[in-house]
Amino acid sequence: MNLLELHLHQFRSYHESVFRFEPGAIHILEGANAQGKTNIIEAIAYISNLRSFRTRNLRDLTEHGQPSFSIDAVCEHGGIREPLRIYHEAGKKKLFRFGNPVASFSRFVGTLNAVLFSPDDMMFFSGAPVLRRRFMDTELVKLSQSYTSALRASQKLLKNRNALLKKKQPEPFLLETVTEQLVDTQRTVIRQRQGFVNRLNERLREFYPVFSGGTEHLEIQYRTFVDTERNLETQMKDLYRKTRERDLRFSVTGDGIHKDDLVFLLNGYPMTAVGSQGQKRSALLALKLSLCSIIQEKTGQYPVFLLDDVFSELDPVRRQKLIDLIPQNMQVFITAAEPVQADFGNRMVCVHHIKKEINGKDKQNESQ
Ligand SMILES: Nc1ncnc2c1ncn2[C@@H]1O[C@H](COP(=O)(O)OP(=O)(O)OP(=O)(O)O)[C@@H](O)[C@H]1O
Ligand SMILES: [Mg+2]
């Protein structure tokens with residue numbers, strides 16, 4: 001999969017800018033601080049996930065003083081060129097594929113699949129479990145329609161169940177029915193989350209030792225409220241029967257996939273307890289490379305790989321290892337404040353000099 005064109009209109013610091021990108025190449029977005037490099041990465045990631053990794057407020061994405069923004073992209077997958085468009089105004093998002101409106105989020109998300117590494121990801125290990133659940137959900141939603149349906153249904157059923165629990169005396173039959181449906185949809189989510197983690201672990205065994213010099217191993221454990229080795233349906237039904245009174249007392253569902261988490265073990269110890277900054281960064285890079293490999297395996301195509309500020313954080317040896325690990329035909333975008341000193345072998349490298357527009361006038365962003 002490749003991004004061929006990107007047209008930003010009133011997006012962040014870009015009033016009106018067009019970028020063209022070579023398929024399969026390594027694109028370096030080079031420029032001083034605050035010139036708009038991450039803004040480009042953010043726009044690409046936004047097309048992929050329909051969510052910004054820097055803000056939850058879409059107003060932040062709109063150029064200051066403007067009422068709307070749009071991102072137009074041309075992506076290529078399996079030899080097909082597909083125009084994509086996102087238009088945002090007054091809290092409303094309109095999505096288009098091939099110029100036609102797309103009604104549902106799930107029919108747009110992942111059309112351009114991008115995998116992102118950002119320095120902000122360093123919170124990934126120590127932050128709240130929601131970050132790690134979001135990681136699983138963001139990726140699985142792009143890969144599996146059945147996951148998307150089961151996840152959305154579970155979220156809705158959980159809301160319904162909680163609303164029932166808040167009533168003084170909920171109809172027992174209704175509570176039972178909602179719980180049964182919840183068990184059913186959660187089963188699909190748990191199976192797919194476990195399968196995803198298993199595949200990530202297989203890839204991590206290959207990628208992580210490259211960064212650590214082969215002396216360490218990294219493993220992810222998927223933690224959910226039932227034992228994934230045993231029958232999920234029976235366990236969930238038993239558990240919800242046993243915890244029914246407690247849930248009624250607290251007016252909330254205490255157990256479920258909404259509490260799932262991932263635990264990262266470095267040589268068998270929790271990453272949060274033993275990991276150095278460098279080990280965490282290496283683990284994240286290995287995780288993202290593993291993800292790229294899984295996406296290729298599942299869809300037949302590599303995603304677009306976005307590396308924001310990765311080089312300033314790595315020593316020259318790890319930097320070179322990362323470049324060597326990037327698959328031959330995967331299109332990559334790397335931001336850097338200084339010229340990148342590394343050996344790219346026979347890879348096509350395009351350097352884009354990024355400079356902020358001054359006084360509203362477009363200053364040409366040149367490529368070489
Ligand atoms: N909504 C917005 N409207 C106008 N300008 C914005 C908006 N949001 C951010 N900016 C501007 O964008 C610039 C920051 O862009 P970006 O984060 O892409 O920088 P960068 O090149 O990645 O810098 P660094 O090397 O420091 O990471 C800042 O000048 C900021 O003022
Ligand atoms: Mg930046």
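In the predicted model, a polar backbone atom of T62 lies 2.9 Å from a nitrogen atom of ligand 1. For D60, a backbone N or O atom is placed 2.9 Å from a ligand nitrogen; for H64, the distance from a polar backbone atom to a nitrogen atom of ligand 1 is 3.0 Å. On its own, ligand 1 has 660 Å² of accessible area, of which the protein covers 77%. The ligand is surrounded by 17 residues, and the closest are A34, K37, T38, N39 and K356. By class, this shell consists of 8 polar, 7 charged and 2 nonpolar residues.

Helix α1 spans residues 37-49. N49 belongs to this helix and has a relative accessible area of 18%. Because buried residues are those under 20% relative accessible area, N49 is classed as buried. The N49 side chain makes a polar contact of 2.8 Å with the side chain of K142.

Aromatic pairing was examined next. The model contains 11 aromatic pairs. One of these pairs joins Y14 and F19 in an edge-to-face arrangement, with the ring centres 5.7 Å apart and an angle of 85° between the planes. Y14 counts as buried, at 1% relative accessibility, and F19 is likewise buried, with a relative accessible area of 2%. A further edge-to-face pair is formed by Y46 and F69, with a centre-to-centre distance of 6.1 Å and planes at 70°. This pair connects distant parts of the chain, as Y46 sits in helix α1 and F69 in strand β4 (residues 68-77), 23 residues apart. Y46 and F69 are both buried. Elsewhere, ring pairs join F124, F125, F135, F196 and F264 into a cluster.

F69 also has a spatial relation to E89. The C-alpha atoms of these two residues are 6.8 Å apart, at a sequence separation of 20 residues. E89 is located in strand β5 (residues 80-89). In contrast to F69, which is buried, E89 is partly exposed, with a relative accessible area of 34%.

Strand pairing was considered for two regions. Strands β1 (residues 2-11) and β2 (residues 14-20) run antiparallel and are joined by 6 bridges. Within this pairing, H9 has E16 of β2 as its bridge partner. The β1-β2 hairpin has 2 residues between the strands, and R12 there adopts a positive phi near 50°.

The other region is an open sheet of 3 strands in the order β9-β10-β11, with antiparallel pairing. Strands β9 (218-223) and β11 (269-270) stand at its edges; each has a single partner strand, so one side of each is left without a neighbour in the sheet. The antiparallel pairing of β9 with strand β10 (residues 261-266) extends over 6 bridges. Among the residues involved, E219 has L265 in β10 as its bridge partner. Strand β10 also includes F264 within its range of residues 261-266, and F264 is one of the members of the phenylalanine ring cluster described above.

Methods. Residues numbered from 1 in each chain as written. Chains lettered and ligands numbered in written order. Predicted model: local features only at pLDDT ≥ 70, side-chain atom pairs only at ≥ 80, totals over all residues. Heavy atoms only, no water. Phe/Tyr/Trp six-rings, centres within 6.5 Å; stacked < 30°, edge-to-face > 60°. Buried < 20%, exposed > 50% of the residue type's maximum accessible area, 1.4 Å probe, protein only. Helix = DSSP H or I, 4+ residues; strand = E, 2+ residues; numbered from the N terminus. Near = heavy atom within 4 Å. Polar contact = N/O pair within 3.5 Å; in protein donor to acceptor, adjacent residues only side chain to side chain. Areas by Shrake-Rupley, 256 points an atom, 1.4 Å probe, with all protein chains shown as cover. Nonpolar A, V, L, I, M, F, W, Y, C, P; charged D, E, K, R; others polar. Pairing = 2+ DSSP bridges.
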